[in-house]
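Me: Please take a close look at the loops of this model, and at the backbone in them. Which residues there deserve a comment, and what surrounds them?

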Amino acid sequence: MARDPLIVIPARMASTRLPGKPLAEICGAPMIVQVWRRARESGVGRVVVAAAEGEIADAVTAAGGEAVLTDPDLPSGSDRIWQALETIDPAGRHDVIVNVQGDLPTLDPALIRAACDALTNSAADISTLAAEIRIEEERTNPNVVKAVIAFREGQRSGRALYFTRATAPSGEGPHYHHIGLYAYTRAALARFVALPPSPLEKREKLEQLRALEAGMLVEVALVDTVPLGVDTPADLEKARAALAKSPEKRT
């Protein structure tokens, strides 16, 4: 089967804790442009920003990137990605779709490659990432989503059994911090966005549970770092400081 990956970055201006965050300045560029740069640095394939507003699309195209406008009222980033995909690739050339969130300006491009490889090297419908929790308080923090994974013997990947805000599984052993970066087969993404929100998805407020409840196979690759997501002004300052230490990533 041919594999032609496409990275899509959904972005919208609405944010309760950091309004207008896609355009927040980080080392001389809007945050969405920094995320676009990290995606390009991965070398995975074509990169497109799925923008809910024109000002986001304008910022990306001014930096030399590709953007497509999507309906601002779409309910989720997955829906935004699917609408963008139908617009830019109606012929279905791209058969692997990578969802990179628009608030990860310091993302290690290797993580994008890891998610893509986890999908293309398995029979899964969807792939995602997790990292072992090293900070004790994160085990019980409901804002840290845990992945319960059936690892294959001797491998750093396995099948997702569940995702939860609770501390799971119980008993002795490591817990894993889920990283919300996904790769989908095109068919899986089409099926996913056509499904209604599932009971466990609504209960845990975790969209990925919709896929598990529908019987879709989700592969999880273990990585060593959790990327910094920018949700607050404090996160923004951390991202600025981190990129300021990496001059090669500023342009």
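Reply:

**Loop residues and their backbone**

Lys 205 is found in the loop that runs between α6 (199-204) and α7 (208-213). The model is predicted, and in it the phi of Lys 205 is near 60 degrees, a positive value in a residue other than glycine. Most residues other than glycine have a negative phi, and most peptide bonds are trans. Lys 205 counts as exposed, because its relative accessibility is 65% and the cut-off for exposed is over 50%.

Cys 27 also has a positive phi, near 50 degrees, and is likewise not a glycine. Its place is the loop between β2 (25-26) and β3 (29-30). With a relative accessible area of 23%, Cys 27 is partly exposed, since that class lies between the limits of 20% and 50%.

The peptide bond between Ala 168 and Pro 169 is cis, with omega at about 0 degrees. Pro 169 sits in the loop between β9 (157-164) and β10 (176-185).

Asp 95 belongs to the loop between α3 (77-88) and β6 (96-99). Its relative accessibility is 12%, so Asp 95 counts as buried, the limit for that class being under 20%. A polar atom of the Asp 95 side chain lies 2.6 Å from the backbone nitrogen of Asp 4.

To put the accessibilities side by side: Asp 95 is buried, Cys 27 is partly exposed, and Lys 205 is exposed.

Notes:
Residues numbered from 1 in each chain as written. Predicted model: local features only at pLDDT ≥ 70, side-chain atom pairs only at ≥ 80, totals over all residues. Heavy atoms only, no water. Helix = DSSP H or I, 4+ residues; strand = E, 2+ residues; numbered from the N terminus. Buried < 20%, exposed > 50% of the residue type's maximum accessible area, 1.4 Å probe, protein only. Polar contact = N/O pair within 3.5 Å; in protein donor to acceptor, adjacent residues only side chain to side chain.
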